[in-house]
Amino acid sequence: MQIEKREQYIITRNTIAVFRLHDPVYQSRVLEADKEILVEQSPLSIIDHSCMQYGSSYEGRVHAIGRLLRTDKKVPIPVHPAHGVFMLPTSSPTNTNCVWLSFYHIQSYKETKSRTQVSFYNGTALFVETSERSFDQQYKRTGTVIALLNNEHFFMGQSLS
């Protein structure tokens, strides 16, 4: 797999995962369908920078989605909802083990010795430090966010009476 190095990164539809690296220069590792990218920004900085690129801030997204879900814990982030880019955190975003995963790239997941193996449509997989139950909750929360953000399209032009 090809490895690139960058100062900054913008999340796109090709982004599969973003996670922290413990390196003096590169703070994040980004997986895309066909390459790996080492980035000087932290994962949270990448998420915020990407949200800003698409018209909001990380804090704005957290506030809006937190109100929809009635929680402010481990909130999925619609980075670029118009293009189907929804990132879900595997733990608290401030936790160094937090991995941000792109919802639509996830093919399946299963627990293996108190960790969860997440498989992606491109044939790759990775282990995240969370139980399958917790991951399943995050996955379903993200699906709920997608449904709530898209319900206006479903009801557009229809009378509800």
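Me: How many strands form the open sheet, and in what order?
Reply: Seven strands form an open sheet, in the order 1-4-3-2-7-6-5, with mixed pairing. Strands here are DSSP runs of E with at least two residues, and helices are runs of H or I with at least four, numbered from the N terminus. Two strands pair if DSSP finds at least two bridges between them.

Me: Where does this model come from?
Reply: This is a predicted model, where local features need pLDDT of at least 70 and side-chain atom pairs count only at pLDDT 80 or more, while totals for chains, interfaces and linings use all residues. Residues are numbered from 1 along each chain as its sequence is written, and side-chain values use heavy atoms, with hydrogens and water left out.

Me: Which strands does helix 2 touch?
Reply: Helix 2 packs on the sheet and touches strand 5 and strand 7 (99-102). Its direction makes about 130° with that of strand 5. Contact means heavy atoms within 4.5 Å.

Me: What's the angle between helix 1 and helix 2?
Reply: Helix 1 (residues 43-53) and helix 2 (residues 58-69) pack at about 85°, and their axes are 8 Å apart. That makes helix 1 roughly perpendicular to helix 2. Angles of 65 to 115 degrees count as roughly perpendicular, under 35 as roughly parallel, over 145 as roughly antiparallel and the rest as oblique. The axes are lines fitted to C-alpha atoms, for helices over the stretch in contact, and angles run from 0 to 180 degrees between N-to-C directions.

Me: Which residues make that contact?
Reply: Helix 1 brings Leu44, Ile47, Asp48 and Cys51, and helix 2 brings Tyr58, Glu59 and Arg61.

Me: New topic. How many salt bridges are there?
Reply: The count comes to seven salt bridges. A salt bridge is a side-chain nitrogen of Lys or Arg within 4 Å of a carboxyl oxygen of Asp or Glu. One of them joins Glu4 and Lys35, at 3.2 Å from N to O. Glu4 lies in strand 1 (residues 2-6) and Lys35 in strand 4 (residues 35-39), so the pair ties together parts that are 31 residues apart in sequence.

Me: Is Lys35 buried or exposed?
Reply: Lys35 is buried, with a relative accessible area of 17%. Glu4 and Lys35 also belong to a network of salt bridges with Arg6 and Glu32.

Me: What about Asp72 and Lys73, buried or exposed?
Reply: Both are exposed, and the side chains of Asp72 and Lys73 meet in a salt bridge at 3.5 Å, N to O.

Definitions and conventions: Buried < 20%, exposed > 50% of the residue type's maximum accessible area, 1.4 Å probe, protein only.
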